Amino acid sequence: MNKAPFAAALLLGLLLPLAGGAAGAAAQTDRDAVLNIAYGNRPGTLDPYLTTNNATSDVDRNIFEELFVINDKFQPVPELVESYRVSPDNLTYTFNLRKGLVFHNGQSLTADDVVASMNRWLAVSTQGKANLPGARFDKLDAYTVSLTLKTPSLITLNILADVKNIAAIMPKSIIDRAQGDKQPVTELIGTGPYRLAEFKQGEYLHLTRFDGYIPRQEPASGLSGKKNAYVKDIYFRYITDESTRLAGALTGEYDLVFNLPKDNIDQLIHAPGIHLYAPASGGSLITYLFNKQTGPFADIKLRRAFNLALDVNSVLVAGYSDPQFFSADSSLGFPQQVDWYSEAGKPFYNQHKLDEARALVKESGYHGQEVVIIATKEYAELYNLAIVAQQVLKQIGINSRLDVYDWPTVLQRRQDPKNFDLCALEFSMRQVLHQYPFLDSRAHFPGWSNSPDIDGVLDQIKQAPSLKAARPLVDKLHVLTWQYLPVIVLGHTQPDIIAVKNTVQGYDDLIGPILWNVRVNKQ
């Protein structure tokens with residue numbers, strides 16, 4: 001703790017807001033370059049509809065394109081859509097598609113592909129189920145589709161542009177096979193600037209440039225605008241040991257290194273041949289997620305007892321080492337999200353009342369059952385939070401055990417409510433609060449919220465005439481969340497710092513890496 005002010009000032013003073021200045025603008029781009037990325041977490045599935053996990057979306061955003069994406073102001077803007085209009089009653093959206101686009105298999109993109117993809121996405125994704133229930137896509141002609149809603153919604157385009165549960169457009173034939181088999185898609189074919197070359201489970205994922213890619217012509221902004229595939233090949237190398245990733249950054253073995261160990265980032269500040277990049281925005285919501293369907297935490301009194309017991313600042317320091325990497329905050333929204341930030345839940349936050357917590361445990365239906373905390377060492381911060389949770393539970397008389405798995409196994413086991421009671425989890429910052437999948441019961445996200453009050457206020461916000469008019473409802477949502485406790489919000493992370501080799505130019509980030517405009521200079 002004592003070193004924090006010095007370390008924070010030193011680090012922040014030396015970080016580059018945008019990569020690319022170190023190697024010199026006049027250097028020649030290597031069109032045959034290979035970009036090697038050290039990445040800490042392995043994806044469980046690559047089907048973008050079935051997960052909100054970063055390890056999937058960070059890869060998939062290079063392969064697939066959507067109808068809409070967000071720009072650097074987090075606004076939804078067209079990607080595969082050329083133009084669109086909304087009916088006066090706000091129930092029907094008509095999308096005119098860009099023409100002449102082809103998938104990685106050479107097939108032309110048409111309305112049939114969009115309708116098949118989006119109707120499956122509406123049916124199986126947490127975003128579609130929770131935020132666009134009863135909606136459907138229909139074909140109007142070969143390059144025009146419509147989206148019909150049951151009720152008007154302020155956030156329709158935000159949901160279509162979700163950055164984690166990606167509404168990827170795939171060939172209809174692939175969607176039909178997945179629907180018939182009731183399985184995840186087995187081929188990853190999109191219209192994006194890179195195509196999947198090889199996925200060696202647990203070792204690496206290889207992307208290669210798609211020479212048939214047709215970019216938009218607007219300037220790049222966030223995930224929107226012109227995409228140039230300057231680099232020929234991209235390898236996501238799955239390096240689960242953080243000391244190995246750190247060593248790879250120091251030796252220059254990798255061009256980009258993610259998931260750096262927070263305790264050791266200072267070692268990289270003056271390391272030769274690299275610089276550190278801090279995204280200008282982003283970060284994640286830090287939470288404890290409860291299983292509310294079955295087990296001890298189905299009892300709301302036990303969830304409240306655990307919340308009462310927490311000393312949040314101590315928990316966050318144990319998880320994230322230094323306040324330069326997090327901010328303690330009760331809000332679901334981030335401070336810069338003026339429409340969504342709220343302190344209405346603050347009275348429920350960071351209470352650290354152990355005696356009251358113990359009394360509430362006695363009042364609850366808890367009779368000594370063992371709480372299962374599911375965790376992985378592949379996310380060091382979350383593993384540390386899981387250890388702290390076990391200590392806090394012991395302090396208030398609750399038995400627990402820690403089940404530790406690799407990350408893909410955690411993702412798989414988390415789907416079954418019999419497998420866990422509690423886990424520490426980060427949720428990437430989203431444009432609107434409705435995109436946090438733990439809130440709405442209709443998302444059926446692991447943890448299985450079931451609060452008609454929260455569902456109701458989420459709907460009221462969507463149906464409000466404007467976000468300004470919805471402001472009191474946002475405060476109400478925060479109070480209801482803290483009363484029901486689908487999760488305990490601990491705070492917000494700062495965006496992860498990334499080590500970038502000085503030969504790499506143009507790296508940017510928006511809730512995940514943006515690799516399509518990255519250049520590697522010839523050496």
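Trainee: Which backbone nitrogen lies 2.8 Å from a polar atom of the side chain of serine 125?

Mentor: A polar contact is a pair of N or O atoms within 3.5 Å; within protein, one must be able to donate a hydrogen and the other to accept it, and residues adjacent in sequence count only if both atoms are side-chain atoms. Here the backbone nitrogen belongs to glycine 128. This is a predicted model, where local features need pLDDT of at least 70 and side-chain atom pairs count only at pLDDT 80 or more, while totals for chains, interfaces and linings use all residues. Residues are numbered from 1 along each chain as its sequence is written, and side-chain values use heavy atoms, with hydrogens and water left out.

Trainee: Where is serine 125 placed, and is serine 125 buried or exposed?

Mentor: Helices (H or I, at least four residues) and strands (E, at least two) are DSSP runs, numbered from the N terminus. Serine 125 sits in the loop between α3 (111-124) and α4 (126-131). Buried means under 20% relative accessible area (1.4 Å probe, protein chains only), exposed over 50%, partly exposed in between. Serine 125 is buried because its relative accessibility is 0%. Setting aside residues up to four places away in sequence, serine 125 touches Tyr49 and Asn165 (contact: heavy atoms within 4.5 Å).

Trainee: What does the side chain of threonine 493 reach?

Mentor: That side chain reaches the backbone nitrogen of serine 284 at 2.8 Å. Threonine 493 lies in strand β18 (residues 487-493) and counts as buried because its relative accessibility is 7%. Beyond neighbours within four places in sequence, its contacts include Gly282, Ser284, Tyr320, Phe334 and Glu426.

Trainee: At what angle do helices α8 and α10 pack?

Mentor: Axes are lines fitted to C-alpha atoms, for helices over the stretch in contact, and angles run from 0 to 180 degrees between N-to-C directions. Helix α8 (residues 300-309) and helix α10 (residues 354-363) pack at about 170 degrees, with their axes 8 Å apart. That angle makes α8 roughly antiparallel to α10 (over 145 degrees). Among the contact residues are Leu302, Ala305 and Leu308 of α8 and Ala357, Leu360 and Val361 of α10.

Trainee: How do the axes of α9 and α11 cross?

Mentor: The axes of helix α9 (residues 312-320) and helix α11 (residues 380-395) come within 7 Å and cross at roughly 140 degrees. α9 is therefore oblique to α11. Val315, Ala318, Gly319 and Tyr320 of α9 meet Glu381, Leu382, Asn384, Leu385 and Val388 of α11.

How values were computed:
Parallel < 35°, antiparallel > 145°, perpendicular 65-115°, else oblique.
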